[in-house]
Amino acid sequence: MNESVLIAKSEKFLDGIRRSWIEIDNIKNFEDFIEIYHYLKTNLENLLDLRDTMEIKGYKTPYRSLMKYGRTPKSEMQVEDIHDVNKHTQYFRMNAAAKKNILDRVKSAIASHKIAIGHLEEFAIIVCNDCGEKFSGHEIGNLNNGRCTCESSNIKLEVNKQGVYRLEIIKYLPLSGDYMVKMSELTPLGRDAFRKIVRNLKQEKRGIVKTLSLVVKVFEGDRWVRKRVNIDADDQMNYEREIRRKYGSNSRIEFMQFHRKKPSIINDKHVQTALSIGYVKFADNKASNIFRSILEEIVDNMDKLNLYDDVVAKAYELANKMIEDPEDLEHIKDELYEDKMHKEGLFDVKGKIEIELGSDIEKRRKLETDLYMEVPRILIMWDILKWYLSTSYDRRSKYSGPFPNIRPNLDTNQIKAFEDFKPEVVKILKRFMGENIEYVSDMKNLLIKKFEMETKMKGLHVKTNSNAAGAVLLNTEGKISIEDAAKIFHVSVKDVKVEKNKFKTFGKPQTKKAKKFLEMIKS
């Protein structure tokens, strides 16, 4: 396919996605759900084909062809040749930029579609009314044109209360790859929240050795030759023996350099960006709806605060009408502001803002920070925390769900990203946003215990109820009551107690034979 045709085709496809409005919020039946699910799945398949085609055609490194230009010294070229080279170089630069930008958009769209599909798969349990078979998670993709494997179309949708999902963020995702446009629409506080979330998701694992660069001295013919060698790292490999096997018994390693890889919590920049945009815009919309109600509760004098806002707005408006030189705007605005504040009685005798008004202004500023910066961070980190606590290592390593490219386990450095939440913001989330969330005093320790348990259980084939196990950890390590912990993971208190007893006896012999065997060993 011609390059310009491929770019035009990709842009047309992405623009078509941008114009299509997905009604996610009101999924009530199987027909609506499966229509949206298949639409996103089909888009994802087409986007993956476009990405593969582009990478085969060299869109990943589009500037490589430009390296040929500029090598010939200009002193050896005719004037008209220099003009032609510059003209061609400019053309190739524009072409390379177009390739890079369209591939970037396609990758962003792929990441967003994966996130949307993951949230949908966590949201639904599909049940066949005829044969009783259930489909959840990635198994939903096994449905053939909305039919069960038994060919029945008598299917219903049940909401998976134990799933980790937020369907509301889907409409804010850059499904058409327009992440730059969506980032530009964020408010100043929204941009700060976006950066903070991305920093958390970028938290890196301590370096893992992936490759080595070596300088090897090899005897060839009648002289010694130095060779540069790159090999993949292997924990069990004897590098000196490997070099001698390849280059002979006389070969010697003169220099060795380790190249380390530091994978992030979510190891894909487009997924990091899309998730951050989705959560920030979702939280911003929620916060705007409740901001006024909370503000009226916490300030002492709402009328005086409104009067202050009116003074500031009128001072700025009047200053804009009066100025001739833009450089005088701030000076005139300050004079008008001070004059109006005195007239309205909002200044004290020293010409400072009244104590009560100043306190209310500070309360509002803090509320804005809590709602527009802390809420999005808390929501996404809480969802990721629940995802880790309610899933097994095998499931996370094979199926990333609502958080594509997430690490199946984290090291102590990555766990640092899970800062403890502000208790007052958690209260707002519970009371005003209806979030099923609790304040956890030490989230880092909670995750450390989770990964420790998984390490101990590896290879033992112990059956556990993942959601109940998550509730146990919330209860024992997070100091949350067993009833509240069960409610968060939508399991019964009975199941949590069963799992808790299993944790207590974990590693201890359960049968008479096992106990007798241990006694024999000790004796």
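Start by selecting Asn405, which sits in the loop between α11 (393–398) and α12 (412–415). Helices here are DSSP runs of H or I with at least four residues, strands are runs of E with at least two, and both are numbered from the N terminus. The model is predicted, so local features need pLDDT of at least 70 and side-chain atom pairs count only at pLDDT 80 or more, while totals for chains, interfaces and linings use all residues. Residues are numbered from 1 along each chain as its sequence is written, and side-chain values use heavy atoms, with hydrogens and water left out.

**Two residues with positive phi**

Stay on Asn405: its phi is near 65°, a positive value in a residue other than glycine. Most residues other than glycine have a negative phi. Asn405 counts as partly exposed, at 35% relative accessibility. On this scale, buried means under 20% relative accessible area, exposed means over 50%, and partly exposed lies in between (1.4 Å probe, protein chains only).

Next select Lys479, in the loop between α15 (466–476) and α16 (482–488). Lys479 is not a glycine either, and its phi is positive, near 55°. Is Lys479 buried or exposed? At 63% relative accessibility, Lys479 counts as exposed.

**Met443**

Move to helix α14 (residues 443–457), where Met443 lies. Met443 has a relative accessible area of 0% and is buried. Which residues does Met443 contact, leaving aside its neighbours within four places in sequence? They are Leu385, Phe418, Glu419, Asp420 and Phe421, where contact means heavy atoms within 4.5 Å.

**The cysteines**

A disulfide is a covalent bond between the sulfur atoms of two cysteines. The rule used here asks for a pair of cysteine sulfur atoms within 2.5 Å, and by this rule the count is zero disulfides. Cys128 is in no disulfide; its nearest cysteine sulfur is that of Cys131, 3.6 Å away. Cys128 is buried, with a relative accessible area of 2%. For Cys148, also in no disulfide, the nearest cysteine sulfur is again that of Cys131, at 3.6 Å. Cys148 counts as buried, at 2% relative accessibility.

**Helices α7 and α8**

Now show α7 (residues 269–298) with α8 (residues 302–322): they pack at an angle of about 120°, and their axes are 9 Å apart. That makes α7 oblique to α8. Axes are lines fitted to C-alpha atoms, for helices over the stretch in contact, and angles run from 0 to 180 degrees between N-to-C directions. Under 35 degrees counts as roughly parallel, over 145 as roughly antiparallel, 65 to 115 as roughly perpendicular, and the rest as oblique.

At the contact, Arg292, Leu295 and Glu296 of α7 meet Met302, Leu305 and Asn306 of α8. By class, the contact has three nonpolar, one polar and two charged residues.

**The whole protein**

Finally, zoom out. The secondary structure comes to 18 helices and six strands, and 41% of the 523 residues count as buried. Of the contacts between residues at least 6 apart in sequence, 72% join residues at least 24 apart.

Colour by pLDDT, the predictor's confidence in each residue, from 0 to 100. The mean is 85, and 88% of residues reach 70 or more. Confidence is highest in α7, at 95, and lowest in helix α18 (residues 512–522), at a mean of 53. Where pLDDT is low, the predicted coordinates should not be read in detail.

Conventions
Nonpolar A, V, L, I, M, F, W, Y, C, P; charged D, E, K, R; others polar.
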